[in-house]
Every structure is written in structure tokens, then in C-alpha cells.
Amino acid sequence: MDQRLERILSRVQKPARYAGGEYNAVMKNKHEVDLRFAFCFPDTYEIGMSNLGFRILYGVLNNMPGVWCERVFAPWADMEEEMRAAGLPLFALESGDPVGAFDMIGFSVGYEMAYTAMLNMLDLAGLPLRSQDRPDLRPLVVAGGTAMYNAEPVADFIDLALIGEGEELLPEVAALFRRAKGEGWDKPRFLREAARIQGVYVPSLYDITYNPDGTVRAITPREGAPEKVVKRVVHHMDSAYYPAKTIVPSTEIVHDRVTLEVFRGCIRGCRFCQAGYVYRPVRCRSREVLARYGREAVCDSGYQEMTLSSLSTSDYPELVGLCDDLAPFCEENHVNLSLPSLRADNFSMELMQRLQKGRKAGLTFAPEAGTQRLRDAINKNVTEEALTESLRTAFAGGWNSVKLYFMLGLPTETDEDVLGIAEIASHAVHTWREHAANKNRGLRLTVSTSWFVPKPFTAFQWEPQISREEYERRVRLLREAITAKAVTYNWHDGDTSFLEAVLARGDRRLGRVLEGAFRRGARLDAWSDRFDLNRWLEAFDECGLDPAFYANRERGREEILPWSMISCYVTDDYLWRQRELAHQSAATPDCRTHCGGCGAGAVEGGECYHG
Amino acid sequence: MGKLRLLFVKEGRAVYISHLDLLRTFQRVFLRQGLVLRHSQGFHPHPILSFALPLPVGQASDCELLDFETAADMDGGDLPERLNRFMPAGIRARSCYVPVWPVRELAGLECRVDLLYDGGVPAGAAERIEALLTGESLVIQKRTKRKAMADIDIRPMLHSLSLSEEPGVLRLHAAVSAQNPGMNPALLAAAVERHLPELRPDFVQVRRLELLDGAGGVFR
């Protein structure tokens with residue numbers, strides 16, 4: 001271990017997250033590989049190691065002979081300070097080698113608030129932030145993940161973005177890079193060639209011009225780059241790589257358990273949900289394969305917790321069968337099987353009750369909106385009757401801690417919808433009084449609201465975020481309407497959601513703002529205690545840009561959206577139709593009931609996968 | 001069921017694994033090997049595992065002890081080899097056996113405290129530090145459980161001391177009390193910092209070398 005690092009680790013919080021050496025960390029001989037890949041997660045170790053996508057791609061790359069993929073996480077503030085003071089550059093956990101010496105640097109970017117952490121990590125690696133200031137092929141900076149469906153705010157910093165699922169795409173780019181390195185290509189030639197691979201977006205090959213009002217005038221690809229970069233999709237989940245043998249951290253992380261991904265995509269089509277649109281179509285793993293992976297992963301890791309994961313796990317067609325398959329094994333090995341992201345329906349509750357042994361952890365439901373009218377408008381097909389029924393089952397079964405999640409500021413929301421949230425809470429208290437198995441333990445009901453952030457590639461991508469003042473007014477309205485003592489009301493901090501709304505639908509001009517905020521100290525913006533909106537407002541001022549232009553402006557159907565060069569298969573026509581239905585408070589059936597013709601069927605020549 | 005004791009090394013990257021995390025790590029290592037531990041019989045059953053003398057984060061050791069109970073009777077002789085395939089880097093089982101002596105008989109620690117001086121060991125440091133540590137008393141400040149600072153004399157807990165010098169390193173080889181009361185060997189360096197601030201080392205490395213019983217023999 002580097003002597004500087006050893007001394008620093010004696011002084012920082014939670015040093016184990018910087019030490020590496022965990023069980024199943026992949027060690028290779030650096031002299032026997034020709035591609036060294038620094039896989040960077042722009043957040044802390046505890047967050048990054050909890051990300052299944054990160055683990056999948058780590059495994060995929062390390063399964064390639066001649067390639068060594070290592071992990072890099074954002075240091076916490078105390079660690080960063082020590083590293084800068086000691087002149088210790090950002091290093092990879094496996095080898096301890098400085099990130100600047102790697103061939104490729106890949107960022108996994110799941111959310112916009114991680115952008116400044118990306119910049120900070122490049123800076124800590126001793127690299128120029130801007131792609132144009134890194135003329136050599138090595139190190140090549142790439143980025144993927146859900147946030148990269150609109151990569152424009154970071155377009156000036158990365159060399160290329162990987163759009164969609166990376167299992168096949170990343171190895172293809174890695175293979176091209178090895179060829180380029182072997183044959184001595186320069187960076188422009190490599191980028192031109194890479195742009196021919198489906199799913200690769202090379203921002204520098206697109207010229208963006210703007211209208212006087214600040215909207216995009218034209219997006220012009222150059223040098224053979226495609227007009228539309230179409231996302232990549234893994235076609236068959238059963239043959240897709242699953243990290244049954246994966247790193248087991250030696251220190252506690254956020255999701256410290258075996259995670260079985262039962263399917264990708266979502267049949268529901270909630271109109272606010274970016275993941276629900278960009279991960280289409282739905283693709284399931286078969287029950288037999290999942291049960292086998294579950295057993296393998298538990299045996300290899302020694303974990304005693306397993307969770308089934310997807311965007312809406314109760315929609316897995318063979319959920320009961322899968323649980324039946326896993327139950328005897330789990331019982332025998334003292335493994336606790338849990339189901340997050342359940343819908344508020346009877347079926348889910350029965351299953352939940354069957355699985356839950358011993359301690360009854362809190363239950364979480366997300367009705368998202370306070371009235372049926374608004375739930376129809378956002379296409380969240382949950383009825384209050386179903387929620388009440390689920391709560392009745394839960395309270396009767398001994399649960400006494402329930403969380404309800406809602407959003408404020410959804411398109412078409414009125415005061416009636418806001419007050420509807422308070423009504424749901426009071427009905428929940430009533431249901432508890434009538435059905436609680438043991439009233440002596442009391443009820444803990446938490447109502448949480450977040451501030452709706454419109455995202456690209458959703459039916460609401462043209463919608464304004466409501467103003468700050470209006471959001472705060474609705475919070476007050478709700479706060480005053482919630483009177484029951486048993487109910488705790490939490491609302492999301494406005495600063496973060498406002499900036500998220502700016503960055504989510506930002507254009508390339510925001511690069512300068514990002515840099516300005518970073519120079520002013522913005523780092524771990526995803527952590528509210530490290531976040532300061534003032535740095536950002538100053539940076540906007542400096543660049544002569546108005547954040548409200550991005551967050552609070554309604555876009556027209558004809559406007560060229562900054563991310564228009566990217567396609568996730570779902571067409572703008574479909575999204576616009578969904579938006580119109582929202583304004584009519586009309587719901588759309590789920591994909592399994594009726595195909596809405598969103599465009600994702602084109603993935604496999606017109607027919608969507610079923611199952 | 002069988003009570004067993006595992007003797008293991010904790011060093012390198014593993015020195016940063018905290019006590020609680022190490023407990024979790026060992027639970028998983030046993031499961032990876034397919035070894036079923038005996039569980040407590042309460043409402044929330046947990047495997048029966050305990051470390052003899054928790055090792056402070058950042059210190060290395062050649063002689064950590066883990067007591068555990070297996071569901072089936074076994075002598076454990078082949079366990080180190082079996083477990084070592086499933087360990088994180090820096091943890092290595094040395095031997096496993098049926099314990100004879102209870103942990104309360106563990107009286108002392110033989111340890112090495114390296115005082116690192118980046119500019120070379122100052123002239124006369126060895127003599128002055130030896131004189132300080134082997135004097136009548138050795139009072140240091142220590143945070144009490146109530147978070148206040150208190151003076152304590154650690155001299156009665158230091159049983160033997162020898163010093164040696166290598167380039168840039170002044171090595172203290174000491175035997176100290178392990179428990180009731182015991183002392184953290186790092187306090188020897190704290191004493192140097194307090195009483196001989198001009199000889200404050202740039203870094204301190206501590207390693208446990210051996211466990212001792214009340215008579216000064218090896219404790220197992």
C-alpha cells in the first residue's frame with residue numbers, strides 16, 4: 001500500500017472503503033493485460049457497491065482475457081482533503097494505481113446530481129476536465145448509465161457516452177479501443193470509428209446551434225456520426241451475464257445483500273418515470289435461472305439476505321413460483337428473502353406476509369398522488385381501495401410502521417389533489433384503528449413528498465417544474481392539512497430538486513455552469529449536507545444563463561429538445577400522446593393488457609416480448 | 001456441537017476492517033465454506049462468535065483469536081486451509097483447535113510499536129524514550145467513557161520493553177497487560193508525544209505478535 005495512503009487512512013472516517021482487498025475483488029497481473037479500465041462511480045463506496053449495474057459490468061469486463069477492470073469511488077470530503085494535501089492522486093481500489101495511468105476511465109452515472117463528483121474525480125486523477133484538453137487516446141473517458149440518456153450537460157467533459165444497457169456495448173467499445181491502441185490510432189480516428197457502433201454517442205461529432213431565445217436550433221452530426229444514436233438492449237435475460245460471484249464488501253454498504261434482477265423494463269407506463277420508458281421493453285429472466293442464481297450467489301457470498309429486484313417486482317409473472325422455488329433453500333440456510341417495490345395490491349401483501357419471518361420491518365407504498373383523478377393523469381394505476389385493503393392486511397398482520405410516498409407539483413395538480421394526500425393519511429390512521437392487531441404498539445405513519453422533476457424521455461419531458469414559491473405553498477397547504485398525531489410528514493428539500501430539474505433537461509451550455517459550480521466547491525451534490533445551491537446560482541450568473549429556462553419553462557411540441565440525437569425506441573409521438581392523455585386525466589392500460597404502440601417493439605422487429 | 005478457537009492473522013488491507021465488520025465478515029466466511037454455526041436460541045437467532053480481544057482499527061496482528069461453536073462436532077484441524085480460500089485479503093487462519101483455556105486467562109500482549117521518522121531517527125531518541133517509558137510512572141491523558149480527559153498511569157501495565165533501531169524506524173518491542181485493565185500498545189507512542197514532543201514520530205505502526213498467559217507463556 002502507498003505510504004501516503006496508509007498514513008491518511010489512519011485519520012479518515014470509515015477507512016475500509018478506501019482499502020480494497022474484499023472477497024472476490026478481481027486481481028490480475030497488470031503486465032499481462034493490454035486494457036486497464038478504471039470503473040468510476042461518482043458517489044461513495046457504500047452507494048456504488050450497492051449498484052447492481054456496476055457489479056454486472058465489472059464482471060463482464062473482467063471476464064474478458066487481457067482486460068482488467070478496477071473500481072474507483074468518490075472520496076468523502078475528509079478523504080479528498082487529505083488526498084489533496086498529500087498530493088495523492090485518485091487511485092483504483094484493486095491495484096492502488098493512479099487512475100490517470102489507465103487506458104479507459106468509465107463513469108457509471110445514474111443521476112444528475114453526480115455530475116460534479118465526476119468532475120472532481122477527473123480533477124483528483126490529475127486530468128484536464130475537458131475532452132478537448134485531453135488530445136491523446138489514453139486515457140479515454142466514457143460514461144454510461146440512466147443519466148446519460150441526456151449527456152449534454154457533461155458533453156464537453158466525456159469523450160463518448162454509452163446509451164442503454166452495457167453488457168454487450170461496453171465489451172465492443174473495449175475491443176475497438178484495444179485495436180486502436182495496438183495499431184496506434186489517434187483519438188479522433190478512434191472516436192469516428194466508435195461512433196459507428198450502435199449505442200455510442202460521441203458528443204464532439206455533433207454541432208449544436210441555438211436560437212436567439214436559447215432553444216436548440218439544430219443538431220448536426222459530422223464525420224459519419226449517426227443522426228440518431230439508438231440505445232442498446234440485452235435481448236435475452238437468461239443468457240445475459242449475472243454476477244452470481246461478486247465482491248462482498250468487508251464494510252457495511254447500503255444494499256448489503258444478494259440482489260436478483262428478475263426482469264428489466266416495466267409494463268406500467270407511469271408517465272413521470274424515466275426508467276419506465278427507457279428500459280422498455282420488458283424482458284424477464286426465467287424462474288429456473290433465477291432460482292439457480294439465487295442459490296449460487298448465497299453460497300458464494302455468505303450473505304443471509306436476498307432481495308428480488310426490478311422496477312415493479314409484483315409484475316413478475318411467476319413471482320409466487322419463484323418464491324416457492326427459493327423458500328426451502330432460504331429456510332435451510334437462514335436466508336431472509338425480501339421483496340421491495342411492491343404494488344399496493346392484495347396479491348403482494350399475501351406474498352409479503354408469507355415471506356416475512358420474525359421482525360416486521362416497515363412497509364412502503366407509493367401512491368404518488370392524492371386523488372384518483374391525478375393518479376389517472378400520471379397513469380399510476382393504484383386505487384385507494386387497493387391501498388386501504390393492503391393496509392388492512394398489513395395492520396391486521398402486525399405491521400405498525402408504514403411509509404407513503406407522494407410527489408408534489410405533478411402536471412395538472414390542484415389544491416384538491418394536494419389535500420387528497422392528507423385524506424389518504426387520515427384514512428390510513430382510521431384503517432389502523434379498526435384493524436390493528438396490537439394497538440398498544442402504536443402506529444408510525446410517515447408521509448413523504450418529493451418535488452416532481454420532469455425528465456427527458458417521459459410523457460412529461462415538455463412540462464415545466466412548478467415554481468419554488470408554488471412548491472413551498474403546496475408543502476404548507478399539506479402540512480396544515482395533516483393533523484393526526486400518528487402521522488409524520490417529511491418533504492423533500494427544494495434546492496436539490498430544483499437543480500435536478502435544471503440538469504435533467506439541460507443542454508450543452510451547462511458544461512460551463514458545471515465547471516463553475518465545481519470550482520466553487522460543488523462535489524457530492526447528491527448528499528444534501530454537502531450541497532449548496534448558491535454555488536450553482538453564482539455559476540449560472542457567471543455564464544449568463546437562467547436556471548429557470550431549464551427547470552420552469554414549458555416546451556412546445558416542435559421544439560428541438562437537447563437530447564434529440566438519442567433514441568430509446570419510444571417515440572416522441574407516443575410520449576406526446578401520453579402527455580395529452582394526462583391532461584385529460586385518462587389512464588392507459590399496462591403493456592401486457594394492451595400494446596400502446598410506444599415504439600419499443602422495434603427492438604425485436606415489431607413484436608414486444610411478453611411474459 | 002463443538003466449541004472451537006481460530007487463531008488468525010489480520011494485516012495489510014484488512015487492518016481497516018472494524019470489529020463489527022469483522023464479525024460480519026467471519027459469519028460469511030463460515031457460510032461460504034458451508035460450515036453451519038450454532039445459533040443463539042432467542043427471538044432473533046444469531047451465530048455464536050466472539051473475538052478474544054478486539055483489535056483497534058489500523059493495527060495488525062499475528063495472533064487474533066475467534067471463539068465459535070459449530071452445529072456439528074468436529075476437531076477443526078483442517079479448517080484453516082478450508083477457510084483461507086474464502087477470506088478477504090490480509091486475513092489468514094493459522095490454526096484451529098478445541099480451546100483449553102478460557103479467554104479470561106489471557107493476560108498479556110507481546111507487541112511491536114514502530115515509531116517512524118521520515119527524516120531519520122533523531123540522535124539519542126532511543127535512550128531518551130527508553131528512559132521515559134521505563135521510569136517510575138508514565139502518565140498519559142486518555143478519554144474516559146464520559147468523554148472527559150483523565151490522567152492515567154500506564155506504567156504498571158508495561159511489563160517489558162526493548163528497543164531497536166533501523167533506518168527511519170525506532171522499534172519498541174513490548175509486553176503489556178491485555179485486560180482488566182489492559183492497555184492499547186499505541187499509548188506508548190502517545191506517551192512519547194506527550195512527554196517528549198520533540199521526538200514525536202511522523203507515523204506509528206502497531207502489530208500484535210503474541211498472546212501471553214499470566215505466567216508469561218504463550219496463550220492459546
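Which strands of chain A does helix H6 (residues 166-183) lie across? I looked this up before anything else. H6(A) lies across S1, S2, S3, S4, strand S5 (160-162) and S6 of chain A. H6(A) runs at about 140 degrees to S1(A). Axes are lines fitted to C-alpha atoms, for helices over the stretch in contact, and angles run from 0 to 180 degrees between N-to-C directions. Helices (H or I, at least four residues) and strands (E, at least two) are DSSP runs, numbered from the N terminus.

**Ground rules.** I am working on a predicted model, where local features need pLDDT of at least 70, side-chain atom pairs count only at pLDDT 80 or more, and totals for chains, interfaces and linings use all residues. Residues are numbered from 1 along each chain as its sequence is written, chains are lettered from A and ligands numbered from 1 in the order in which they are written, and side-chain values use heavy atoms, with hydrogens and water left out.

**Sheet of chain A.** I found an open sheet of six strands, ordered S2-S1-S3-S4-S5-S6, with mixed pairing. Two strands pair if DSSP finds at least two bridges between them. Strand S2 (67-73) and strand S6 (200-201) are at the edges with a single partner strand each, so one side of each has no neighbour in the sheet. Helix H3 (residues 52-62) of chain A packs on this sheet and touches strand S1 (35-41), S2 and S3. Its direction makes about 155 degrees with that of S2(A). I then checked S3 (residues 104-108) and S4 (residues 140-144) of chain A: they pair in the parallel sense over five bridges. A:Ile105 stands opposite A:Val141 in S4(A).

**Chain B.** I noted four helices and ten strands here. The C-alpha atoms fill a box of roughly 60 × 35 × 35 Å along the principal axes.

**Interface.** I see 23 residues of chain B in contact (heavy atoms within 4.5 Å) with 29 residues of chain A. The two chains bury about 2,200 Å² between them, 51% of it on carbon and sulfur atoms. Buried area is the accessible area (1.4 Å probe) that two parts lose on being put together, summed over both. In chain B, B:Arg13, B:Tyr16 and B:Arg28 lose the most area to chain A, together 34% of what that side buries.

I also looked up salt bridges (a side-chain nitrogen of Lys or Arg within 4 Å of a carboxyl oxygen of Asp or Glu). There are three between the chains. A:Arg7 forms one with B:Asp118, the closest N and O atoms being 2.7 Å apart.
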